[in-house]
Amino acid sequence: MPDWTGAGAGSLFSTINPFPLGANVTYESVRNADLSTLSGAVDSLSALTAKLTELEQDAEAMDGMAHGSLWAGLNATASRAHIRRTAGKFTHARTQAEALHSILDDLLTDLRSGQDGLLRLEANSEAEGFRISPEGVITSAQPPHLRLDQLNAGIGTGGIGEPDPEGVSPETQQAMWHAHSRINEIIQQAGESDGIAARALTDILAEGDGRFSHTDLTGIDDARENQVQQDAEAVAVLAGKENKTAADWRMMGDYFALHADDPEFANHVIDTVGMGNYLALVQDLDRFEAELTAANVDVDAIRTGLGNTLNTAMQPPIDISTHPPGSPAYSDWLLTPEGQLYEERLNELNSLGPETQERHSWWTSRRVEEKTGYDLLLDLMESADEPMNDIFYYDMLDGMTAAEKMNPAIWVGDRYPGTESGWDPQNNGTDRLLGLGARHNVEATTMFFDPDMNDNLEYFTGNGEEGRRLIFSDPPHVFGDHNYNEAPGLNSALETAATGRPLGGTAGTNYEGHSEANIRIAEQVWNSYAEDPARSRGGLYTPDLRPMLGTVAADYMSDISYAASGISEKDGQSREAMFDRANSGSLLWEVGKDPDSYQKISVANQALLYSEMDALVAANADDADEITREAMRAANRTGHVAGIMTDARATARYDDQIAIDAEHNASIGDVHQAVGFFMGGAVYGSISNGGMASMTDAVLGNMTDALFDQFYMDNSVTAEDQATKTYNTSRVAAGDSAAAAATAALENSGIRDSVDYDNLIEDIEVAAMNAYDHGTIRKQMAS
């Protein structure tokens, strides 16, 4: 496929193209483009079109007279034919000139619009607090002139939406982001219009081989549609070739790069090639990757293009919030032509999903397990530039779940390289898809697990007859050295569904805390495992979900601390979620044996302690007795959780034989990062940030140091300490931490001298240490 930008040094377009030949279209080239030559060409073509229209009319009149006269004989017959051919040439000349004029006029309009847009952004930038360099780089107007990537990384700023010590207000940051997006749109539009115009002119002039020829093109939009259709047809032809060359693959990659996000292109390619052959194309790309890479074919780019194209074809024009799958609105949409086409493709994917995509029988001699249709689909979705549409994601997840219910051995096999445990969880297609959704499809993932809408949560986490019972080896006893209980996707998806945040925990700008669906999911999944805490560890074929439960505990730390302490739900305290009061402590202990969960829960518990101390002191500044009562309650609950975490950590190290290795010791050093992450926006739902926002940096530093000390002390517990449940250093640290939190709250409110400080602090320390002791010696039902 030629590079149409500039269309070659000897072409007509190269003489009027405002951009340097062969150069990329940039901010500078669009802003400073000299459009006078192009404008002159448009004017000349306008005049030429008008003149050719007159000549065409004259020729038609002459043709009419020749055929309408009584002129007869051999000369008359020959002359009439010649006159008609001449009249036709003028028509071809006129239509060709009109097409050239329309295309170049549209290009001129697009480039002028782009120039005007860039100049307006520059003119308004200073008033909005930023500036644009000659190369199009946006920085804040005031020193130190921070770029957007620096602002996004938090360099010299409080972060978007937070107070900015360097003076870049949230409004200015928003204006900078808007300008950045607009510049990208303008540059992209200019480059696209330039390329389309160059290709269209080349095609028009080449079609007649130097002579006037008829064309139906009416402008850039028409040329774009025509080129998309041509390229889609070319891909279909190339995809159907039995023996593709490196040049064939390279050309397909170029077409995908140009049009993968165009629905007309995507629809034509998918429906013409066929879903089965399309997935087989992905399989071929895998098979010949080494050979193609050696031939300098960008295999990853082609795979991305294939993914983007399929993604575009599976983009329903409806929203999951108004048309959730299974709803009457969704069912009605499926009856529309668009809905029927979408459903046909979806059904085809689910039909092909469980099957291996074998096409070349000779390949089996290599003894490589063939990937299934679901594997190939997931390879594409993981390679695509954009996430799956929420409805497409939900429907595919629903289809995969139905497939594994019908055949629990659907994921048998080692189609992906093994890990240290001998089996890669990528072989579990449902888990891979859940992992994608956890990152990109928060609303759809939450909806998928909402117990008010379906029974999926019970299927994936329940222990009843309808619970998930997958088989990963055939026969099951053959691969006894494998461990099949890794489920990173399920852990991540359940975290997302219970918290309302994507994988990684960062709350979006529109995050409003836990929804009712998030709370329902958190309650059901926590309470289900609380009935049998040991089940959270998983087994040979059931997943270890303690990482997810650790996140749930941290996210709902306040409510978990009430439940773990066995405090009645009728104590007058407001709750967001109601967790199992009898067994939550046991589950918390089991979950705390997972190193990452231990750290998450400890961070959230310490933050809860400081937050509640700060809030209760501020709310009861005039009532010292109430401060004492509430402070002791807070110290009691958080001290109890701290005791559970210490014993869980020690038990994991000694009873469960988890080594005290360098890796875990090194992870303790990340506590500062963990606390910073918590304070930076990963808002655990049931902990109010109101009080924490008013704390001084010194207080936050004290909180971090307390955590740091706790982690090191817990990791220094000896086997003898664990055997006798005597964790004196950690116990004292829990009391000291509660006292420090209370002191910080009193000083923050300026009332330390208004209370009986020494007795208050002593009472709080005793409450925290007694609760800590109870947490370490409580009968652990999960052991």
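These are my notebook entries on a predicted model of a protein.

**Entry 1: ground rules**

I number residues from 1 along each chain as its sequence is written. Because the model is predicted, I take local features only at pLDDT of at least 70 and side-chain atom pairs only at pLDDT 80 or more, while totals for chains, interfaces and linings use all residues; side-chain values use heavy atoms, with hydrogens and water left out.

**Entry 2: confidence**

I looked up the pLDDT (the predictor's confidence in each residue, from 0 to 100). Its mean over the protein is 80, and 74% of the residues reach 70 or more. Residues 156-165 have a pLDDT below 50; beyond near neighbours in sequence, I find 20 contacts for this stretch in the model. A contact here means heavy atoms within 4.5 Å. Residues 657-669 are also below 50, with 19 contacts beyond near neighbours in sequence.

**Entry 3: overall make-up**

I find 33 helices and two strands in the protein. Helices (H or I, at least four residues) and strands (E, at least two) are DSSP runs, numbered from the N terminus. Of the 783 residues, 51% count as buried. I use buried for under 20% relative accessible area, exposed for over 50% and partly exposed for in between (1.4 Å probe, protein chains only). Among contacts with a separation of 6 or more, 73% come from residues 24 or more positions apart. The accessible surface is about 35100 Å², and carbon and sulfur atoms hold 50% of that. The areas come from the Shrake-Rupley method with a 1.4 Å probe; for residues, only the protein chains shown count as cover.

**Entry 4: helix H15**

Why is H15 largely enclosed by the rest of the structure? I note that nine of the eleven residues of this helix (residues 373-383) are buried, so the rest of the structure largely encloses it. The buried residues include Tyr374, Asp375, Leu377 and Met381. I traced the packing of the buried residues of H15 to helices H10 (275-287), H12 (299-313), H14 (337-352), H16 (390-406) and H17 (429-440).

**Entry 5: nonpolar cores**

A nonpolar core is a set of buried Ala, Val, Leu, Ile, Met, Phe, Trp, Tyr and Cys residues joined through side-chain atoms within 4.5 Å. The largest has 108 residues, and Phe392, Phe449 and Leu588 have the most contacts inside it. H16 gives the most to this core, with eight residues. Leaving aside neighbours within four places in sequence, I list Leu377 and Met381 among the contacts of phenylalanine 392, which also include Asn311, Met314 and Tyr342. A second, separate core has 42 residues, including Ala41, Leu107, Leu118 and Ile138.

**Entry 6: aromatic pairs**

I count eleven aromatic pairs in the structure. Rings of Phe, Tyr and Trp (its six-membered ring) pair if their centres lie within 6.5 Å; planes under 30 degrees apart count as stacked, over 60 as edge-to-face and the rest as tilted. Tyrosine 330 and tryptophan 333 form a tilted pair, 6.2 Å centre to centre with 35° between the planes. Both lie in helix H13 (residues 328-334), three residues apart, about one turn of the helix. Tyrosine 330 and tryptophan 333 are both buried. Tyrosine 459 is buried at 6% relative accessibility, and phenylalanine 460 is buried at 4%. Ring pairs link Tyr459 and Phe460 with Tyr394, Phe448 and Phe449 into a cluster.

Arginine 131 sits in strand S1 (residues 130-132) and is partly exposed at 35% relative accessibility. Which side chain does the side chain of arginine 131 make a polar contact with? I find histidine 145, at 3.4 Å. A polar contact is a pair of N or O atoms within 3.5 Å; within protein, one must be able to donate a hydrogen and the other to accept it, and residues adjacent in sequence count only if both atoms are side-chain atoms.

Histidine 145 lies in the loop between S2 and H5 and is partly exposed at 25%. I note its positive phi of about 55°, although histidine 145 is not a glycine. Proline 144 is in the loop between strand S2 (138-140) and helix H5 (148-152). A cis peptide bond joins proline 143 and proline 144, with omega about 10°.

**Entry 7: asparagine 296**

Asparagine 296 also has a positive phi, about 65°, without being a glycine. I place asparagine 296 in the loop between helix H11 (289-294) and H12. Asparagine 296 is exposed, with a relative accessible area of 68%.
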